[in-house]
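Okay, thanks for coming, everyone. I have one model to walk you through today, so let me put it up.

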Amino acid sequence: MTTDRGPAQGAERSAGIEVKPAAGHIGAEITGVDLAADLDDAVVAAIRAAVLRWKVVFFRDQRLDHAGHVAFARRFGEPVVLPRRGKASPPDFPEVETTADRLELGGRFGMDHDEWLRRRRHTLLRGWHCDHGARVDPPAATILRADTVPPYGGDTTWSNLAAAYAGLSVPVREFVSTLRAEHRLGVGYQPRPGDDAYVRHLLDHQVATLHPLVRVHPETGERILYVNGYYVDQIADLSRAESQALLDLLLDQAVRPEYTVRFRWEPGSVAFWDNRATIHLAPGDTTHLDHPRTMHRVMLTGDVPVGVDGKPSEPIVGSEPGRW
C-alpha cells in the first residue's frame, strides 16, 4: 500500500505530474506521466511550461516506440523531416533520426569513429552545440529517447543560455546585444592533411547563417546568449582577433558549471529540451568502451531567431525557413 505524500521538497505538482528541479538554473525530472498514453491538454500544457522554465526536462522508464515518440512530439509542434538521415534510422518513420555511434560514424569519409571525434572536438568547447544551429531556422526543440546505453558513461550535459546571458555584466550584455555572428556548418572540424573527403562534402553542402549574438526567445521573451562551440565562426564587423577573444569569453560564460545539468541515461529515458535556449554536449567518454549507445531523436520545427533590435537572422547559404 502506498500513500501520496505530496511533491518532494523543491518539486511542483501540476495536472497530476510532478516536476522536480535537477539543478539550480536548468533541468527538471518529470514523474507521474506515461508519454505513450493519450495525454490530455492540461498535462501537455504542464510539460510545455516545465520545458520553458527549466530548458530541459527528463522522463524515466518510458515505453515509447517510434510511433509513440512521433505522436508525443506532435503535441508540441511539427516534427522535422530530414532529407538525409543516418543508416541506422527507421525507414518507416521519417521524423525519427537514430544515432548509433560507431555504427553511424565509423568508416564515413575514410575515418573511423575515434578519428571522427578527434577532428570534430579538437578543443574543449567545440563539442557544445544546439541542433542544426547553422540553419536560418534551427529546430525549436528536440526530444531524445534512449534505446540502448552503456552500463556507465555516456551522459549528456546541457547549459542554460538565458542564465548565461543574465550572468554577464551590464556593459557586456549591452555590447553583445548589438552584434551578429556567422554560424557555419563545419567550423568545428579539423581537416585531415592533404585531400579530405569530408571537407569536399562540406563545400558541396554548406550551410551558414548570420544570427544575432543575443536572440529574444519567442515564447518567454528572455534574452539568450546565442553562442556555441560547434557552429559559430566569426562575429560580424569585428577583426578576427577581436572576434576570437570575445567568443572565447562568451563560450566560457555559456558553459560555466553553475549553468549546466548532466543527465545519466537509462533505457527508456527521454530528454526534451528547448533548442532555442540551450546548448548541449554529447558524451565523449564511451569511445573506449565495448558497449553500444543507440538513441532516437525527433526535432520540432523552429522559427527564425530575432535579435534585441527586432531584426531576424539572415541566411547566407544552404537554408531557407521551413525547408529542410
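First, the ground rules. This is a predicted model, where local features need pLDDT of at least 70 and side-chain atom pairs count only at pLDDT 80 or more, while totals for chains, interfaces and linings use all residues. Residues are numbered from 1 along each chain as its sequence is written, and side-chain values use heavy atoms, with hydrogens and water left out.

On confidence: pLDDT is the predictor's confidence in each residue, from 0 to 100. The chain averages 91, and 94% of the residues score at least 70.

Helices (H or I, at least four residues) and strands (E, at least two) are DSSP runs, numbered from the N terminus. Two strands pair if DSSP finds at least two bridges between them. What we have is an open sheet of 8 strands, in the order β1-β2-β3-β4-β14-β6-β16-β5, with mixed pairing. The edges are β1 (12–14) and β5, each with a single partner strand, so one side of each has no neighbour in the sheet. From one strand to the next, the twist averages 25 degrees. For angles, axes are lines fitted to C-alpha atoms, for helices over the stretch in contact, and angles run from 0 to 180 degrees between N-to-C directions.

Let's stay with β14 for a bit. Strand β4 (residues 56–59) runs antiparallel to β14, joined by 4 bridges. Within that pairing, Val 56 stands opposite Trp 273, and Val 57 stands opposite Phe 272. Then there are the helices: α1 packs on the sheet, touching β1, β2 (17–21), β3 (28–31), β4 and β14, and its direction makes about 5 degrees with that of β2. As for α2, it lies across β6, β14 and β16 (294–300), at about 30 degrees to β16. Strand β6 (residues 141–148) also pairs with β14 in the antiparallel sense, over 5 bridges. There, Thr 142 has Trp 273 as its bridge partner.

On to the rings. Rings of Phe, Tyr and Trp (its six-membered ring) pair if their centres lie within 6.5 Å; planes under 30 degrees apart count as stacked, over 60 as edge-to-face and the rest as tilted. That rule gives 11 aromatic pairs. Take Phe 76 and Phe 272: their ring centres are 5.0 Å apart and their planes sit at 80 degrees, so this pair is edge-to-face. The pair links distant parts of the chain, 196 residues apart, with Phe 76 in the loop between α2 (66–74) and β5 (97–99) and Phe 272 in β14 (residues 270–274). Phe 76 is buried at 9% relative accessible area, and Phe 272 is buried at 3%. Tyr 230 and Tyr 231 are edge-to-face too, because their centres are 5.1 Å apart and their planes are at 85 degrees. There's also a cluster, in which ring pairs link Phe 58, Trp 158, Phe 263, Trp 265 and Trp 273.

What about charges over rings? I count one if NZ of Lys or CZ of Arg is within 6 Å of the ring centre and within 35 degrees of the ring normal. The charged end of Arg 53 sits over the ring of Trp 54, 3.9 Å from its centre. Arg 215 lies over the face of Tyr 226, 5.1 Å from the ring centre.

Lys 55 isn't a glycine, yet it has a positive phi of about 75 degrees. Lys 55 lies in the loop between α1 (41–54) and β4, and counts as buried at 2% relative accessibility. Asp 237 also has a positive phi, near 70 degrees, and lies in the loop between β12 (232–235) and α8 (240–254). Buried or exposed, that Asp 237? Exposed, with a relative accessible area of 83%.

Technical notes. Buried < 20%, exposed > 50% of the residue type's maximum accessible area, 1.4 Å probe, protein only. Contact = heavy atoms within 4.5 Å.
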